[in-house]
Amino acid sequence: MIQTNNSEETTQLPDIQSTGDVRKVAINKVGVTNVRYPISLRTPGEGEGNTFLHTVATINMFVSLPHHEKGTHMSRFLEVLNEYHEELCSDTLVEICASMREKLKSQDAFLDLTFPYFIDKKAPVTGQSGKLDFDVRFEIAAGTIDDFIMTLKVPATSLCPCSKEISEYGAHNQRCEMTVKVRIADGVHLWIEELFAMIEKCASTQVFSVLKRPDEKWVTERAYENPKFVEDIVRDMAVTLNADDRIEWYQCFSENFESIHNHNAYAFIENDKREKTD
Ligand SMILES: Nc1nc2c(ncn2[C@@H]2O[C@H](COP(=O)(O)OP(=O)(O)OP(=O)(O)O)[C@@H](O)[C@H]2O)c(=O)[nH]1
């Protein structure tokens with residue numbers, strides 16, 4: 001049986017990926033996808049000191065490969081990740097991307113993590129607390145372009161203004177998913193919790209984990225008092241994101257899972273504030 005964990009024996013094995021390629025085709029991204037890994041993220045918490053949220057991320061890691069190299073060194077992606085153990089947090093992600101470039105001797109490195117995040121939410125009337133989950137994504141690039149994009153998928157409720165207007169009673173309402181992707185200015189901080197709270201206000205009403213009957217009455221009436229088309233939702237998201245100077249660039253969209261159709265309603269806005277001269 002071949003022992004590949006002995007460094008002397010490993011050096012004697014052929015290293016096919018280090019041989020050349022003659023097709024003169026460079027590769028933009030090569031690496032590993034769907035790596036599941038524990039991460040811990042700093043949260044605003046309460047009082048002194050840091051609190052951490054522990055979750056599991058699904059990670060994609062890529063580098064660029066020049067035309068003359070046959071293959072990348074797949075094992076090194078996981079080696080880089082393993083060096084960080086439980087200290088994998090938002091502060092170290094840029095470091096990890098730089099480390100991928102160095103260890104794989106590549107021009108560009110890309111790190112992409114998606115993970116469930118959890119916030120404590122109190123029901124609107126009874127104040128009962130529960131954990132609400134939603135998806136967060138960090139996309140980091142290092143090399144030709146240095147980049148950090150944070151994406152949140154915010155669940156909420158939308159209620160149709162047209163339906164409310166034309167119906168003698170009732171109005172169709174549904175879950176919507178508002179997606180926000182942001183680039184943050186250098187040297188400032190935006191908590192996931194802050195961005196989530198900003199965005200969920202843009203829907204007809206929020207969703208909660210625990211709702212007792214007085215809470216359910218409240219959310220039902222609140223949505224009815226605050227009807228919104230998908231266009232209203234994205235416009236309100238844009239107004240909110242425009243007003244926060246920490247956000248340099250954003251894309252926002254909402255998908256409303258219509259309860260009267262078997263298809264969804266969708267609207268999208270992008271704004272790069274860095275392009276504005278005045
Ligand atoms: N490049 C490449 N490697 C692959 C692929 N599928 C599996 N591998 C394997 O990934 C393994 C690890 O590759 P390397 O990181 O180059 O391993 P290594 O040569 O022992 O490690 P280093 O000495 O650090 O380069 C090898 O056994 C490859 O055969 C693929 O599609 N592309």
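User: How do you know how confident the predictor is in the protein chain?

Analyst: The predictor's confidence in each residue is given as pLDDT, from 0 to 100; the protein chain averages 93, and 93% of the residues score at least 70. Where pLDDT is low, the predicted coordinates should not be read in detail.

User: What makes I199 a contact partner of other residues, and which ones are they?

Analyst: Two residues are in contact if their C-beta atoms, placed from the backbone, lie within 7 Å. Once neighbours within four places in sequence are left aside, I199 is in contact with L152, V154, M178, V180 and M237.

User: Why is a set of residues called a nonpolar core, and how many residues has the largest?

Analyst: The name applies to a set of buried Ala, Val, Leu, Ile, Met, Phe, Trp, Tyr and Cys residues joined through C-beta atoms within 7 Å, where buried means that 20 or more other C-beta atoms lie within 10 Å of the residue's own. The largest such core has 41 residues, and I199 and M100 are among those with the most contacts inside it. This core draws at least three residues from each of domain 1 and domain 2.

Conventions:
Residues numbered from 1 in each chain as written. Predicted model: local features only at pLDDT ≥ 70, side-chain atom pairs only at ≥ 80, totals over all residues. Buried ≥ 20, exposed ≤ 12 C-beta atoms within 10 Å, placed from the backbone. Domains from an automatic or database assignment.
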